[in-house]
Amino acid sequence: MTKLTFFTLIVLATSISFIFLETPPKSYYHTLFISDSFSDNSSIANHLYTLTKRPHVAGSQANADAAAYVLSIFTSCNIPSHVTSYDVSLTYPVSRSLTLKSSEKTIKFGLFQEIYDGDPYAEVANEVLPTFHAYARSGTATGPVVYANYGRVEDYATLREMGVNVSNTVVLARYGKIYRGDIVHNAHAVGAIGVLIFTDKKDYGGKKWFPDDKWMPPSGVQVGSVYDGIGDPTTPGWPSTGECERLSDDEVDEGGNVPLIPSLPISWADGDAIIRTIGGKVANVDWQGGKDSPIYRVGPGPAIANLSYEGQQVISTIQNVIAVIEGEEEPDREDVSRFVILGNHRDAWTFGAVDPNSGTASLLEIAQRLKKLQKRGWRPRRTIILCNWDAEEYGLIGSTEWVEENREMLAARVVAYLNVDCAVQAGDFRASATPQLDELIIQASQQVQDPDNSSQTIYQSWLASGNDTTVKLGRLGGAGSDYAAFVQHIGSPALDMSFGEGYPAYHSMYDDFVWMKKFGDPMFHRHVAAASIWGLVALRLADDEVLPFNYLSYAYELQKSAEHLEAEISDKGFSLVPLYASIEKLRKAATRIKNDIKALKAKRSRASVRELNDRLIMTERAFTDRDGLSSRTWYKHLIYAPAKHDDYGSNSFPGISDAIENAKSLNSSDSWHSVQHEVWRVARAITQASLVLSGRLT
């Protein structure tokens, strides 16, 4: 007898045993949810195939059609659903060109991604937008080329040490380490007048490439946004609804989140051609390309690049699709249910088979499984909301506008936000979360079968993929996906998960159904597993009488972050005593509430359950500050926010990190004093969190 057959018999036997009971326990339905009888890899494959027939960038008719498809699936699952629209500022390319003039010749680059022989999407390839950066500055830049590695702050420090002056040059940088918008901002900060960003073959290419292998073809280009903010740039902090207030173009520029110099993304073939024309000193070993690459030099010049870009700003309508399964058993106050929110975005730069529609297909699979559960008699204790966001690629716009519009209600009622962007990329399972969810994610991973090895669970493969005795979870300080507004603006517990982290065809024309079917998930078993673990976490949060949060994990993470901070500033004369003291208060409160939960199980009441859950939910909110970070006020969370020079990077204690960077730059007594002030701010927030968790007034 196989394990699957044995598992099926257990489900069958459990079903028979509940025939004589009025209502099975919630755990019975959770077991059903992840069973083979409820999953359907062929249905997921069909969803993905349908969603990726055409390129569907935000604001396009194709993306509106995709929204209609998502709405139709939600509706067919008998889940009340609706579309929430916003009118937001998006940009599209009008024209662009790139030439390189050397003493020997002039190269005019085509700037297009090639169709391969037998490409099933050749007929709609013309619907793919010309390669560009969203929100890039319109203009022309002409100057010698400087190679700046990955375009990080430390890379420019290396160039300074080498005696290379970047002023009035066109920077050539490669993708791979930081957010592309920060590559452009960092270049502008050191005086560059234009930026070219290429996908280096060393990082994205191989001996063979798509469609013969998973690697990016020579003409493949990673497009994307270079906007450093979150949400519609013209409505920072409020929703883009109707005839709302909007910032002028000058005000948007002054905000510092849109680039002030033009940029273009280019292929690894074009990047290679430019590298071969650059002279000057030889770049460091870790700046070099792959085995068959030329020697990388830093320049400047002698070849002169001329890049030109013209974009068009348009107020476009975007559509979030929202489905709501009302909770039925919320204790004490049945008129005010809590929300467990699952979210994924739908818009894609091209076909989007990995990013984001592997996640969309998994979300639709969850909806269909929940329909099956409802037919068996299940109803969630708390309300479950399925959200399919729009315009994430431009700057997390759809989710952010929705959070800003519903801020007060969400801040009062969200239990947690569970995000999946790319459900299946390339690699092992990974998850990032606010720390009180760590234990729950691990428990869910121990219940779901590994899609690549039926003899073990996801947890076992996850554990084996690392070099430690425990699995490693990331944190949600970066602004890489739609969890950002929930965590960093309103202070909601949150999760982000996927199979793999990154894939070669990212944001290119080759991220299509063929790539997924050949290289990503040929049998769509990973999609099934992603839906299982994502949905199981949601069911636990929606159905458990006492929320499965563990704040001891949070105290432990804060302690580690404080120790790391101490090592960084130990010679600066700052006191971290208030920070350590506040963390100890949180640890004690987390221990106390675990005892309260044990006592509640012995003698419970609807009111006491509600009060305890309120404490668990609202503790995360207490880590926020209404004034936000000193130089980035939209970010309210004092524990997690993006790194200042890498939007994808995650910083613990971001306000302290910002103050330290400023103090190192200014080196004044006032600037160093501000670091101590930020330490106190964080300590006060953690103390507030411990008070909320304890549920006791001082």
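Ser481 is located in the loop that runs between helix 15 (458–464) and helix 16 (484–489); helices here are DSSP runs of H or I with at least four residues, numbered from the N terminus. The model is predicted, so local features need pLDDT of at least 70 and side-chain atom pairs count only at pLDDT 80 or more, while totals for chains, interfaces and linings use all residues. Residues are numbered from 1 along each chain as its sequence is written, and side-chain values use heavy atoms, with hydrogens and water left out.

Ser481 counts as buried because its relative accessibility is 3%. Buried means under 20% relative accessible area, exposed means over 50%, and partly exposed lies in between, with a 1.4 Å probe and protein chains only. Apart from neighbours within four places in sequence, Ser481 is in contact with Glu392, Leu396, Asn419 and Asp421, where contact means heavy atoms within 4.5 Å.

**Salt bridges**

Side chains of opposite charge can pair when their charged atoms come close. The structure holds 26 salt bridges, each being a side-chain nitrogen of Lys or Arg within 4 Å of a carboxyl oxygen of Asp or Glu. Three of these are listed below.

| Residue | Partner | Distance, N to O |
|---|---|---|
| Arg152 | Glu154 | 3.7 Å |
| Arg475 | Glu557 | 3.3 Å |
| Glu678 | Arg681 | 3.4 Å |

Arg475 and Glu557 are both buried.

Arg152 is buried, at 19% relative accessible area, whereas Glu154 is partly exposed, at 46%.

Glu678 and Arg681 both belong to helix 23 (residues 669–694), where they stand 3 residues apart, about one turn of the helix. Glu678 is buried with a relative accessible area of 5%, and Arg681 is buried with 9%. Elsewhere, salt bridges that share partners join Asp438, Arg475, Glu557 and Lys560 into one network.

**A charged patch on the surface**

Glu245, Asp249, Asp250, Glu251 and Glu254 form a patch of negative charge on the surface. Such a patch is made of residues with over 30% relative accessible area and no salt bridge, with like charges joined within 9 Å. Glu254 belongs to helix 8 (residues 249–254), and it counts as exposed because its relative accessibility is 67%.

Note on methods: Patch = residues over 30% accessible without salt bridge, like charges linked within 9 Å, V, L, I, M, F, W, Y side chains within 5 Å. Areas by Shrake-Rupley, 256 points an atom, 1.4 Å probe, with all protein chains shown as cover. Lys, Arg positive; Asp, Glu negative; His and termini not counted. Charge placed at Lys NZ, Arg CZ, Asp CG, Glu CD. Helix = DSSP H or I, 4+ residues; strand = E, 2+ residues; numbered from the N terminus.
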